[in-house]
Amino acid sequence: MSVNFSGCQKSAFTGDDAKLKLITLDPGHFHAALVQKQMYRQISPNVSLYAPEGPDIEDHLGRIEGFNTRSDNPTSWVSSIYTGDDFLDRMLMDEPGSIVVLAGNNSAKTDYIYAAIKAGMNVLADKPMVIFPEKFDLLVKSFEKAGKNDVLLYDIMTERHEVTTILQKELSQVEGVFGTLKAGTPENPAVTKESVHHFFKYVSGNPIKRPGWFFDPAQRGEALTDVSTHLVDLIQWECYPEQIIDYKNDIEMHDARRWTTQITPGQFSRVTGLSSYPEYLAPYVDGGSLNVFSNGEMVYRIKDTWAKVSVLWEFQAPEGTGDTHYSIMQGTKSNLIIRQGPEENYKPTLYVESGGGENIEKQLRNAVAGNGRLQKMYPGLEIEKAGEKIWKVVIPDKYRVGHEAHFIQVTEKYLGYLKDGKLPAWEIPNMLAKYYTTTEALKKAGGSR
């Protein structure tokens with residue numbers, strides 16, 4: 001199937017005071033609300049909301065109300081709500097907004113994307129855009145239709161805005177520090193990214209409430225096609241910055257596996273508020289506990305680089321901790337490693353470990369703490385000795401804005417693309433490469449429905 005990768009469209013702005021309008025479709029994940037955690041100059045405060053009746057929409061509206069009524073910098077969103085069974089058809093008929101925001105039950109997300117794009121709407125979609133391998137071709141078709149209809153389809157890749165990841169990427173481009181990226185092997189990949197998440201945690205200071213469907217692989221997706229999306233995206237973004245990746249020729253899935261996390265009835269009730277497992281979860285209940293396909297691992301080749309992605313889900317993090325991330329890029333002169341364990345007080349911390357072939361300390365200090373690009377990007381960066389031929393990049397706390405703030409950063413970047421009338425040339429093919437990778441991993445692991 002041929003795809004128009006140009007991503008061109010007419011600018012969505014007709015003047016400085018032009019206002020875009022948001023549509024929120026079937027929100028079931030708190031990420032839908034985080035797009036509205038602040039106001040935007042280019043976006044009208046009036047938001048149209050289309051969804052079925054039920055707890056998902058009630059929870060979403062509660063979060064928006066919390067933003068509107070907070071004491072510090074409250075928002076002023078006004079929601080126009082439609083909750084009929086024909087909510088999707090009604091949205092397509094009304095066409096009340098410029099941007100459809102999608103973050104919820106993933107079972108129908110690819111279909112929602114195609115329907116909105118076909119109707120001539122821009123779409124800002126939370127990951128993942130697709131969870132079933134058999135739906136990948138529909139995603140390809142959606143991007144093709146977006147090019148024809150002059151609209152932009154984009155996914156919310158928050159982790160590109162995390163400061164240690166940005167610095168890891170930037171340092172990998174400094175030849176005097178990193179050298180060049182190794183090719184690696186399937187047994188020792190050049191790039192490894194691991195992520196540990198938790199079903200119970202706090203969002204905006206409140207304990208999170210998960211919908212029952214969040215534990216169903218047919219509605220939320222499995223680890224290999226859900227959270228892995230972020231890690232696969234970062235590997236593409238860091239290893240081959242602004243380069244087009246052709247999913248038909250540049251991706252080879254070597255191995256993948258999946259396994260479950262056991263959730264007790266009490267844990268399930270605590271995080272969902274439900275007194276029992278819904279009927280659709282019955283196939284995953286054994287001995288009274290729920291077995292959730294929330295863990296996965298893949299090893300694959302992207303262009304000339306071997307990579308490994310691992311995602312783990314536990315019920316709750318120890319007190320004072322949270323979701324964690326580990327990442328290593330192996331270079332010919334040094335390794336760039338992000339750790340987030342107890343020694344780092346569970347804050348993502350970037351280390352540079354020399355390969356031993358030459359002394360890179362002077363080049364590292366010049367790159368980070370000198371007058372170069374990184375110091376201009378983040379004034380106040382420092383280098384600290386952390387061991388024999390190991391250095392830590394010391395990052396001022398003001399640059400650690402947190403996961404929720406990244407949704408605002410992504411939305412603002414998307415608004416910039418809308419103003420320009422196009423995405424960067426590499427974004428569309430690389431989104432397709434990303435979702436090809438995740439869906440191929442699920443097939444390889446035997447998890448396709």
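The second largest cavity has a volume of about 50 Å³ in this predicted model. Its lining consists of Arg160, Asp233, Gln236, Trp237, Tyr240, Pro241, Glu242, Trp426 and Asn430. Helix α8 (residues 228–239) supplies the largest share of that lining, namely 3 residues. By class, 4 nonpolar, 2 polar and 3 charged residues line the second largest cavity.

The structure holds 3 cavities of 30 Å³ or more. Gly28, His29 and Phe30 belong to the lining of the largest cavity, together with Asp56, Asp59 and Arg63. The lining of the largest cavity also includes Ile208, Lys209, Arg210, Pro211 and Phe214.

An open site, the second largest pocket, contains about 340 Å³ of space. The elements that contribute two or more residues to the lining of the second largest pocket are α6 (163–172) and α13 (403–420). This pocket is lined by 16 residues, and those nearest its centre are Arg160, His161, Lys169, Trp237 and Lys413. Arg160 and Trp237, which lie among the residues nearest the centre of the second largest pocket, are also found in the lining of the second largest cavity.

The volumes and lining classes of these sites are set out below.

| Site | Volume | Lining by class |
|---|---|---|
| Second largest cavity | about 50 Å³ | 4 nonpolar, 2 polar, 3 charged residues |
| Second largest pocket | about 340 Å³ | 9 nonpolar, 1 polar, 6 charged residues |

The peptide bond from Lys127 to Pro128 is cis, with omega near -10°. Pro128 is placed in the loop between β5 (122–126) and α5 (136–148).

Asn73, a residue other than glycine, has a positive phi near 50°. Its position is in the loop between α2 (55–69) and β3 (78–82). With a relative accessible area of 56%, Asn73 is exposed, because the exposed class begins over 50%.

For Tyr346, phi is positive at about 60°, although Tyr346 is not a glycine. Tyr346 occurs in the loop between β15 (334–339) and β16 (349–354). The relative accessible area of Tyr346 is 30%, and the residue is therefore partly exposed.

Notes
Residues are numbered from 1 along each chain as its sequence is written. This is a predicted model: local features need pLDDT of at least 70, side-chain atom pairs count only at pLDDT 80 or more; totals for chains, interfaces and linings use all residues. Side-chain values use heavy atoms; hydrogens and water are left out. On a 1 Å grid over the protein atoms alone, a cavity is a set of points where a 1.4 Å probe fits but cannot get out, and a pocket is an open set with protein on both sides within 12 Å along at least five of seven lines; lining residues have an atom within 4 Å of a point. Grid points are joined across faces, edges and corners, and a volume is the space filled by probe spheres set on the points. Helices (H or I, at least four residues) and strands (E, at least two) are DSSP runs, numbered from the N terminus. Ala, Val, Leu, Ile, Met, Phe, Trp, Tyr, Cys and Pro count as nonpolar, Asp, Glu, Lys and Arg as charged, and the others, Gly among them, as polar. Buried means under 20% relative accessible area, exposed over 50%, partly exposed in between (1.4 Å probe, protein chains only).
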